[in-house]
Amino acid sequence: MSETPVWFMAITLVVLAVFFVVDLVLIGRRPHIPSTKECVQHIAFFVGMALVFGALIWAVSGARPAVEFYSGWLTEYSLSVDNLFVFVIIMANFSVPKTIQKYVLSVGIALALILRGIFILAGAAILERFTWVFYIFGVFLIYTAVKLALGEDDDDEYKENALITLMRKVVKMVDYYDGEKLRTSVDGVKYFTPMLVLFVAIGTTDVMFAFDSIPAIFGLTKDPFIVFTSNVFALLGLQQLYFLLGALLDKLVYLPLGLSVVLGFIGIKLVLEAMHANTLPFINGGQGIHVVPEIPTWLSLVVIIVSLGTASAASIWKMKKLEKSSKR
C-alpha cells in the first residue's frame with residue numbers, strides 16, 4: 001500500500017507523461033546524432049528532476065519513502081547503464097544508421113515503460129498475497145550477482161530470441177531501412193523494414209532486463225508507486241546517456257562488479273525479509289523467524305552509493321592509467 005497521497009500520485013503521473021511526450025515523441029522524433037553538450041544537458045536535467053522528486057516525496061510522505069525512491073532510482077539507473085551494452089550490440093547487429101538510432105531508442109524506451117509497468121503491477125499483486133516469493137527473488141538476485149562477479153554475464157553476446165527468428169520467417173521484409181518507416185513500398189507491394197524486428201528485439205530484451213531490475217527494486221520498497229517512478233526516472237534521459245557513453249561503455253570495466261555487490265546485497269535483504277515474514281510450513285513451522293536482522297532502507301542506499309561510486313571511480317582510474325601507458 002502506498003504512503004503517498006492520491007493527489008500527489010495523480011500530479012506526478014501527469015507530469016511524467018508530459019516528460020515522456022517531450023523527451024521521446026517530440027525530441028526523439030527529430031532524426032539526428034545528439035552532440036555531447038545536448039546529451040549532458042538532458043541527463044543533468046532528468047537527474048536534477050529525480051533529486052527534486054525525491055525531495056518532494058520527503059516533504060509529502062516522509063523520509064522513508066524518499067530514501068526508498070533514491071535507492072530504487074540509483075539501482076535502476078545503474079542497471080540501465082549496464083543494459084546499454086546490449087543496446088549497443090543490438091544496434092550494431094541490425095546495422096542501424098546513426099541518424100535514426102535516437103528514434104529507435106525512443107520507441108524502445110516507450111515499450112520498456114509499458115512492459116515494466118505490467119511487471120510492476122503483477123509483482124505487487126503477487127508479493128501482497130505470497131510473501132514466500134521473496135525467497136525466489138532473493139535467491140535469483142544472489143545468483144545474478146555471482147554471475148556478474150564471475151564475468152559470466154551475457155551482455156557481450158546478443159542472441160535473437162525465438163520470436164524474432166519466427167518473424168524473420170513469416171513476415172515479408174526488405175533488408176534495408178527507409179528512414180524511420182516501419183513499412184515501405186517496392187513495385188507497389190508493401191513490405192516491412194528491419195525496423196519492425198529491431199523494435200521487437202529491444203522490447204523483448206527489456207523484458208529480460210526486467211527479471212533483474214523488478215526483483216531488485218521490490219527488495220528496496222513494496223510501494224508500487226515508488227517502484228514505478230524509480231523505473232520512469234531511470235528510463236528518462238537513457239537515449240542521451242546511450243550516445244554520451246557509447247564510446248566509454250567498454251571502459252567501465254568495474255561496473256559489473258559494483259552491480260554484483262548491489263544485487264547480492266539486495267538479494268540477501270530479500271531473503272532476510274522472507275524469513276522474518278515466513279509463512280512456509282516447512283520452515284520454522286510456518287512462523288516468522290524474528291531473530292534474523294532487518295536491513296534498513298537507509299543502509300541499502302549507503303551500500304548502493306558506495307558500491308557504484310567505488311566501481312565508477314576505479315574504472316576511471318584504470319582508464320586513465322591505460323591512457324598514460326599508451327602514450328609512453
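Which residue forms a salt bridge with E68? R64 does, and the closest N and O atoms of the pair are 3.0 Å apart. A salt bridge here is a side-chain nitrogen of Lys or Arg within 4 Å of a carboxyl oxygen of Asp or Glu.

Before going on, some ground rules. You're looking at a predicted model, where local features need pLDDT of at least 70, side-chain atom pairs count only at pLDDT 80 or more, and totals for chains, interfaces and linings use all residues. Residues are numbered from 1 along each chain as its sequence is written, and side-chain values use heavy atoms, with hydrogens and water left out.

**The overall layout**

- The chain has 11 helices and 2 strands; helices (H or I, at least four residues) and strands (E, at least two) are DSSP runs, numbered from the N terminus.
- Reading from the N terminus, the order of elements is α-α-α-α-α-α-β-β-α-α-α-α-α.
- Buried residues make up 49% of the 328 residues, where buried means under 20% relative accessible area, exposed means over 50%, and partly exposed is in between (1.4 Å probe, protein chains only).
- Take the contacts (heavy atoms within 4.5 Å) between residues at least 6 apart in sequence: 78% of them join residues at least 24 apart.

**Salt bridges**

- A search of the whole structure turns up 4 salt bridges.
- Back to the opening pair: E68 and R64 both sit in helix α3, 4 residues apart, about one turn of the helix.
- E68 is buried because its relative accessible area is 6%, whereas R64, at 48%, counts as partly exposed.
- K181 and D178 also pair up through their side chains (3.7 Å, N to O). K181 is partly exposed at 47% relative accessibility, and D178 is partly exposed at 25%.
- E273 and K269 meet in another salt bridge (2.6 Å, N to O). Both lie in helix α10, 4 residues apart, about one turn of the helix, and both are buried.
- K222 joins in too: K222, K269 and E273 are linked in a network of salt bridges.

**The nonpolar cores**

- A nonpolar core is a set of buried Ala, Val, Leu, Ile, Met, Phe, Trp, Tyr and Cys residues joined through side-chain atoms within 4.5 Å.
- The largest one has 81 residues, and F69 and L198 have the most contacts inside it.
- Helix α3 (residues 63–93) gives the largest share of this core, 13 residues.
- Leaving out residues up to four places away in sequence, F69 touches A50, F53, G54, I57, I226, T229, S230 and F233.
- There's also a second, separate core of 6 residues, including I120, I217, F218 and V227.

**Helix α2**

- Helix α2 (residues 36–61) has 26 residues and reaches 37 Å from its first C-alpha to its last, close to the 38 Å expected at 1.5 Å a residue. That expected span is 1.5 Å times one less than the number of residues.
- Its buried residues include C39, H42, F46, A50, F53, G54 and I57.
- Just after α2, G62 takes a positive phi of about 110 degrees.

- V262 lies in helix α10 (residues 255–276), and S307 is found in helix α11 (residues 297–327).
- Both are buried: V262 has 2% relative accessibility, and S307 has 13%.
- Not counting residues up to four places away in sequence, V262 touches T75, I304, S307 and L308.
- V262 and V306 are 44 residues apart in sequence, yet 9.5 Å apart in space, C-alpha to C-alpha.

- W7, I11, V15 and V60 make a nonpolar surface patch of about 360 Å². Patches are made of residues with over 30% relative accessible area and no salt bridge: like charges are joined within 9 Å, nonpolar side chains (Val, Leu, Ile, Met, Phe, Trp, Tyr) within 5 Å.
- Helix α1 (residues 6–27) gives the most to this patch, with 3 residues.
- W7 lies in helix α1 and is exposed, with a relative accessible area of 52%.

Conventions: Areas by Shrake-Rupley, 256 points an atom, 1.4 Å probe, with all protein chains shown as cover.
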